[in-house]
Amino acid sequence: MEYSPKKIYNLLEQNGFHLKKMYGQNFIMDENVIHAIIRSSDIKENSLVIEIGPGAGSLTNKLANIASHVLCYEIDNTLTSVLDKVLDGYHNVDIIYQDFLKSNVLNDIKRYSYEHLYVVANLPYYITTPIIMKLIEDKIPVDKIVVMVQKEVGNRFKAKPGTKDYNSLSIFLQYYFDVVKLMDVSKNVFLPKPNVDSIVVAFERKKNKLEVKNEKLFFQLVKDSFVQKRKTLRNNLKNYDLNKIEEILKKYEYDLSVRAEALPIEIFVEVANNLVN
Ligand code: SAM
């Protein structure tokens with residue numbers, strides 16, 4: 001039996017479930033939004049989907065209809081009885097009741113065979129960035145990430161140079177992924193209603209990553225360049241070889257009075273590569 005958000009809501013009530021703010025529990029109550037997320041995820045056959053925070057399973061049961069396997073991480077084990085009912089009959093869903101941030105994902109996915117790996121989730125907003133960072137830092141070989149996030153945070157993920165949202169995180173993420181907004185989602189479709197609107201963002205693994213000679217140096221340079229956003233590179237990068245930095249900036253008709261927010265990722269890469277002896 002397929003559970004609509006309305007039926008899921010009834011189940012939550014019957015089980016006396018109280019939504020927990022501390023876990024960022026804002027459940028999607030609109031079937032159209034769920035379908036739109038599934039459609040835009042464009043999940044291919046023979047795929048494993050990781051869902052972080054299945055909640056009451058409204059997205060999970062739809063994912064299970066198309067993916068070969070769905071692996072969920074849910075911190076709140078009081079959702080077990082509801083999830084067991086909603087996912088009854090789906091033999092391709094596994095739920096690990098633990099904090100996703102503490103989990104060993106690479107180890108957990110070893111037991112599945114699949115061609116494509118996706119992450120699809122309505123993320124708990126209090127740890128959106130740590131979750132995305134974990135996927136990158138743990139080197140999870142994910143092809144595509146489709147996540148609902150707070151609008152303000154999503155805007156930073158996909159921000160382009162010269163905009164107010166562009167920062168070191170935008171560069172870090174866009175080094176690995178093409179990041180695009182898929183849709184706006186009104187706060188009215190959640191239970192309880194959050195204070196902010198959301199967007200769905202897709203991260204598609206870049207086919208050709210830029211060639212960085214020393215990633216550690218590159219990321220440190222980017223971080224330091226933005227340390228005081230309103231300051232120039234001359235001020236933020238005092239501890240670097242400024243002559244070498246200026247050499248590259250000049251090629252693009254910039255000088256050390258430029259602010260980090262003006263520079264595209266390619267220039268940061270060239271500057272960082274020029275600093276490697
Ligand atoms: N997927 C459901 C939906 O869209 O209706 C629920 C989404 S709700 C925004 C976030 C979910 O993440 C909640 O179920 C919450 O309990 C879970 N969660 C919060 N922190 C978590 C963590 N550290 N690890 C795993 N799950 C977490």
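Trainee: How far is a backbone N or O atom of Ile75 from a nitrogen atom of the ligand?
Mentor: 3.3 Å. That makes a polar contact, meaning a pair of N or O atoms within 3.5 Å; within protein, one must be able to donate a hydrogen and the other to accept it, and residues adjacent in sequence count only if both atoms are side-chain atoms.

Trainee: What sort of model is it?
Mentor: A predicted one: local features need pLDDT of at least 70, side-chain atom pairs count only at pLDDT 80 or more, and totals for chains, interfaces and linings use all residues. Residues are numbered from 1 along each chain as its sequence is written, and side-chain values use heavy atoms, with hydrogens and water left out.

Trainee: How many residues surround the ligand?
Mentor: 23, and the closest are Gly53, Glu74, Asp99, Asn122 and Tyr126.

Trainee: Where does the ligand sit?
Mentor: In the largest pocket. To sit there, more than half of its atoms must lie within 2 Å of the pocket's grid points. A pocket is an open set of points on a 1 Å grid over the protein atoms alone, where a 1.4 Å probe fits, with protein on both sides within 12 Å along at least five of seven lines.

Trainee: New topic. What does the fold contain?
Mentor: 12 helices and 9 strands. Helices (H or I, at least four residues) and strands (E, at least two) are DSSP runs, numbered from the N terminus. The C-alpha atoms fill a box of roughly 65 × 40 × 30 Å along the principal axes.

Trainee: What share of the chain is buried?
Mentor: 51% of its 277 residues. Buried means under 20% relative accessible area, exposed over 50%, partly exposed in between (1.4 Å probe, protein chains only).

Trainee: Which residues of helix 2 are buried?
Mentor: Val33, Ile34, Ala36, Ile37, Ile38 and Ser41, in a helix that runs 31–41.

Trainee: What happens at the start of helix 2?
Mentor: A side-chain oxygen of Asp30 reaches to within 2.7 Å of the backbone nitrogen of Asn32.

Trainee: And just after helix 2?
Mentor: Asp42 takes a positive phi of about 55°, although Asp42 is not a glycine. Asp42 lies in the loop between helix 2 and strand 2 (47–52). With a relative accessible area of 47%, Asp42 is partly exposed.

Trainee: Why flag a phi like that?
Mentor: Because most residues other than glycine have a negative phi. Lys139 also has a positive value, near 55°. Lys139 is in the loop between helix 6 (128–137) and strand 6 (144–150), and is exposed at 66%.

Trainee: Which peptide bond is cis?
Mentor: The one from Leu191 to Pro192, with omega near -10°. Pro192 is in the loop between strand 8 (190–191) and strand 9 (198–205).

Trainee: Gln25: buried or exposed?
Mentor: Buried, because its relative accessibility is 6%. Gln25 lies in the loop between helix 1 (5–14) and strand 1 (27–28). A 2.9 Å polar contact joins its side chain to that of Asp76.

Trainee: And what does the Ser170 side chain reach?
Mentor: The backbone nitrogen of Asn167, at 2.9 Å. Ser170 is in helix 8 (168–176) and is buried at 0%.

Methods: Near = heavy atom within 4 Å. 1 Å grid on protein atoms, 1.4 Å probe; cavity = no way out; pocket = protein on both sides within 12 Å on 5 of 7 lines; lining within 4 Å.
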